[in-house]
Amino acid sequence: MSKNQERFNRKTHWERIYENKASNEVSWYQEKPEASLQFIKDLNLPKKASILDVGAGDSNLVDFLLENAFSNITVLDISEKAINRTKNRLGEKGRKIHWAVSDILKFKSDFLYDIWHDRAAFHFLTKESEIQKYVDLASKLIKPNGYLLIATFAHDGPLQCSGIEITRYSKEKLEETFQHFFELKACLHQTHNTPFKTNQKFMYCCFRRKKQ
């Protein structure tokens with residue numbers, strides 16, 4: 001375990017990030033989340049499908065989902081500052097969104113979801129117990145035959161993000177992690193170009209929730 005990890009407070013860290021950095025001053029910034037939008041489009045689900053965006057930060061994904069007429073969207077992030085940024089950006093359109101300020105591992109919901117989307121939140125979990133808790137939660141909150149769309153740093157991607165160690169994943173490792181509850185449908189190895197003109201290798205995988 002690296003220095004200060006035992007004392008690390010996840011919520012404090014992310015509140016500080018979103019207090020001190022603009023949207024395009026973080027490495028994960030995307031003006032348009034093309035890969036996520038294409039995966040969601042390919043699922044061909046009705047516009048009323050329930051979508052949960054996990055660790056959304058102040059991502060623009062919700063803007064494009066609204067633009068594409070999706071009407072049942074929940075945006076979740078551990079940082080209240082990130083959520084408030086997105087609310088302010090959307091203005092009146094934000095009234096259509098369900099908002100959740102929560103660590104995903106502590107998230108509780110009365111809803112089940114057709115799509116669980118997570119770009120670059122899951123890979124911050126490095127303890128096996130937390131990874132398993134995430135898998136179990138996803139299995140409970142995604143509808144049978146619903147979809148888990150997850151993007152992590154790839155096996156040849158960075159070792160850290162925002163000064164924090166992450167867990168890198170290959171297609172095979174993601175499939176093994178979620179195989180008990182989910183069936184792998186498709187994967188994409190993508191190079192993300194950061195605002196700082198550097199490259200980050202990502203692995204996107206789409207899983208379907210088994211009926212069991």
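Visitor: Which residues are buried in helix 5?

Guide: This is a predicted model: local features need pLDDT of at least 70, side-chain atom pairs count only at pLDDT 80 or more, and totals for chains, interfaces and linings use all residues. Numbering runs from 1 along each chain as its sequence is written, and side-chain values use heavy atoms, with hydrogens and water left out. Helices (H or I, at least four residues) and strands (E, at least two) are DSSP runs numbered from the N terminus, while buried means under 20% relative accessible area, exposed over 50% and partly exposed in between, with a 1.4 Å probe and protein chains only. In helix 5 the buried residues are Glu-130, Ile-131, Tyr-134, Val-135, Leu-137, Ala-138, Ser-139 and Leu-141.

Visitor: How many Å apart are the end C-alpha atoms of helix 5?

Guide: The helix covers residues 128–141, which is 14 residues. The expected span of a helix is 1.5 Å times one less than its number of residues. For helix 5 that gives 20 Å, and the model agrees: the end C-alpha atoms are apart by 20 Å.

Visitor: How many aromatic pairs are in the whole structure, and what kind is the pair of Trp-14 and Trp-28?

Guide: Rings of Phe, Tyr and Trp (its six-membered ring) pair if their centres lie within 6.5 Å; planes under 30 degrees apart count as stacked, over 60 as edge-to-face and the rest as tilted. A search of the whole structure finds 12 such pairs. The ring centres of Trp-14 and Trp-28 are 5.7 Å apart and the planes stand at 75 degrees, so this pair is edge-to-face.

Visitor: Which residue forms an aromatic pair with Tyr-134?

Guide: The pair is edge-to-face, 6.4 Å centre to centre and 75 degrees between the planes, and joins Tyr-134 to Phe-178. It links distant parts of the chain, with Tyr-134 in helix 5 and Phe-178 in helix 6, 44 residues apart. Tyr-134 is buried at a relative accessible area of 1%, and Phe-178 is buried at 0%. The partner is Phe-178.

Visitor: Which residues form one aromatic cluster?

Guide: Tyr-134 and Phe-178 come up again here. The cluster is formed by Trp-116, Phe-122, Tyr-134, Tyr-169, Phe-178, Phe-182 and Phe-207.

Visitor: Which residues does Glu-175 touch, not counting residues up to four places away in sequence?

Guide: Glu-175 has its place in helix 6 (residues 171–178). Glu-175 is partly exposed, with a relative accessible area of 35%. Contact means heavy atoms within 4.5 Å. Not counting residues up to four places away in sequence, Glu-175 touches Leu-184 and Phe-207.

Visitor: Which residues does Thr-194 touch, not counting residues up to four places away in sequence?

Guide: Thr-194 is found in the loop between strand 8 (182–193) and strand 9 (199–209). Thr-194 is buried, with a relative accessible area of 5%. Leaving out residues up to four places away in sequence, Thr-194 touches Ser-27 and Gln-200.

Visitor: What is the phi of Ala-120?

Guide: Ala-120 lies in the loop between strand 4 (113–119) and helix 5. At 15% relative accessibility, Ala-120 counts as buried. Although not a glycine, Ala-120 has a positive phi of about 75 degrees.

Visitor: What volume does the second largest pocket have?

Guide: On a 1 Å grid over the protein atoms alone, a cavity is a set of points where a 1.4 Å probe fits but cannot get out, and a pocket is an open set with protein on both sides within 12 Å along at least five of seven lines; lining residues have an atom within 4 Å of a point. Grid points are joined across faces, edges and corners, and a volume is the space filled by probe spheres set on the points. For the second largest pocket this comes to about 250 Å³.

Visitor: Which helix gives the largest share of the lining of the second largest pocket?

Guide: The lining includes Lys-32, Glu-34, Leu-65 and Phe-70. Ala, Val, Leu, Ile, Met, Phe, Trp, Tyr, Cys and Pro count as nonpolar, Asp, Glu, Lys and Arg as charged, and the others, Gly among them, as polar. The lining residues divide into 5 nonpolar, 3 polar and 4 charged. The largest share, 5 residues, comes from helix 2 (residues 34–43).
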